[in-house]
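Please keep the sequence and the model in view while reading.

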Amino acid sequence: MLRAGVVAVQGDVSEHADAVRRAAAAHGEECEVVEIRQSGAVSDCDVLLMPGGESTAISRLLRTEGIDEEIRDHVAAGKPVLATCAGLIVAAADAKDDRVDPLSLLDVSVDRNAFGRQRDSFEAFLDVEGLDEPFPAVFIRAPQVDAVGDDVEVLARWDGVPVAVRQGSVVGTSFHPELTTDSRLHDLALFDGVEAEPALND
Ligand code: GLN
């Protein structure tokens, strides 16, 4: 049985839990979901999800709970991660905000809230590398990826801006695939042909 860890210090945890269960089922896998609030749980997980929410709060809690290092170890072992919105901000190499201590799982720089405030939230159908049909993407106070390292593959763009990226076993999205019933992005990130190679920069 596959064990999926959802980082649950803050953010839209239950939505990711549902989405990863759906993706696993579509992939013919049984899946147990573990909510990660303290250190000690990550190493038992096969895949990890880093939800949307508030990146400054998530970053602070990951550090104080000592979960940050465990996530880095998970990636160094080549295991898959899907990081969405605030999760992408925390997974980045540079979040340009002193309150966020980025984990450098993805060699990208992000601009928090650059797609606008809450009232500027929007949905768009995106062409995503690896998916046959456009994906319904929900953007809420979404970050923009404004610089991408050489080892990072851009999977999707909106208005020319990268909004889905992959490096090694880590996929990050500016939008919220967990807020739709479409679990193809979870499937792509967590179960589809992800090469078991480290994506760490340090
Ligand atoms: N703007 C939020 C942040 O910086 C992220 C928003 C989201 O996850 N929907 O943390």
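## Helix α1 and its cover

In helix α1, the residues Val13, His16, Ala17, Ala19, Val20, Ala23 and Ala24 are buried, a residue being called buried if 20 or more other C-beta atoms lie within 10 Å of its own, exposed if 12 or fewer, and partly exposed in between, with C-beta atoms placed from the backbone. This is a predicted model, in which local features need pLDDT of at least 70 and side-chain atom pairs count only at pLDDT 80 or more, whereas totals for chains, interfaces and linings use all residues. Residues are numbered from 1 along each chain as its sequence is written.

Helices (H or I, at least four residues) and strands (E, at least two) are DSSP runs, numbered from the N terminus. The cover over the buried residues of α1 includes β1 (2-7), β2 (31-36), β3 (47-50) and α5, where contact between two residues means that their C-beta atoms, placed from the backbone, lie within 7 Å. An α-helix has 3.6 residues a turn, so residues three or four places apart point the same way. The 14 residues of α1 (residues 13-26) should span 20 Å at 1.5 Å a residue, and the end C-alpha atoms are 20 Å apart, which agrees; the expected span is 1.5 Å times one less than the number of residues. After α1 comes Gly28, with a positive phi near 75°.

## The chain as a whole

The protein chain has 5 helices and 11 strands. Its radius of gyration is 15 Å, close to the 17 Å that the globule rule gives for 202 residues, so the chain is as compact as a globular protein of that length; the radius is taken over C-alpha atoms, and the rule is 2.2 Å times the number of residues to the power 0.38. Taken along the principal axes, the C-alpha atoms fill a box of roughly 40 × 40 × 30 Å. Buried residues make up 50% of the 202 residues, and, among contacts between residues at least 6 apart in sequence, 72% join residues at least 24 apart.

## The listed active site

Which residues does UniProt list for "active site"? The unreviewed entry gives Cys85, His176 and Glu178. These residues are spread over 94 residues of sequence, yet they cluster in space, with a largest C-alpha distance of 10.5 Å. UniProt positions are given in the numbering used here, feature names are shortened, and annotations may be inferred rather than shown by experiment.

Cys85 sits in the loop between β4 (81-84) and α4 (86-91), and residues up to four places away in sequence aside, Cys85 touches Gly52, Ile140, Ala142, Pro143, Ser174, Phe175 and His176. Cys85 is buried because 32 other C-beta atoms lie within 10 Å. Glu178, in the loop between β11 (170-173) and α5 (184-190), is likewise buried, with 30 other C-beta atoms within 10 Å. Apart from neighbours within four places in sequence, Glu178 is in contact with Asp12, Glu15, His16, Ala19, Pro51 and Thr84.

## Around the ligand

The ligand is surrounded by Gly52, Gly53, Glu54, Ser55, Cys85, Ala86, Ile89, Arg112, Asn113, Ile140 and Arg141, a residue being near a molecule if its C-beta atom, placed from the backbone, lies within 6 Å of it. This shell has 4 nonpolar, 4 polar and 3 charged residues. For "binding site", the unreviewed UniProt entry lists Gly53, Glu54, Ser55, Arg112, Ile140 and Arg141, which cluster in space with a largest C-alpha distance of 12.9 Å, although they are spread over 89 residues of sequence.

| Residue | Loop between | Other C-beta atoms within 10 Å |
|---|---|---|
| Glu54 | β3 and α2 (55-65) | 15 |
| Asn113 | β5 (108-111) and β6 (122-126) | 16 |
| Arg141 | β7 (135-139) and β8 (144-148) | 18 |

Neighbours up to four places away in sequence not counted, Glu54 is in contact with Gln10 and Ala86, and Arg141 touches Asn113, Arg117 and Gln118.

## Positive phi values

Most residues other than glycine have a negative phi, and most peptide bonds are trans. Asn113 has a positive phi near 60°, and Asp159 also has a positive phi near 60°. Asp159 lies in the loop between β9 (153-158) and β10 (161-167) and counts as exposed, with 8 C-beta neighbours inside 10 Å.

Definitions and conventions. Ala, Val, Leu, Ile, Met, Phe, Trp, Tyr, Cys and Pro count as nonpolar, Asp, Glu, Lys and Arg as charged, and the others, Gly among them, as polar.
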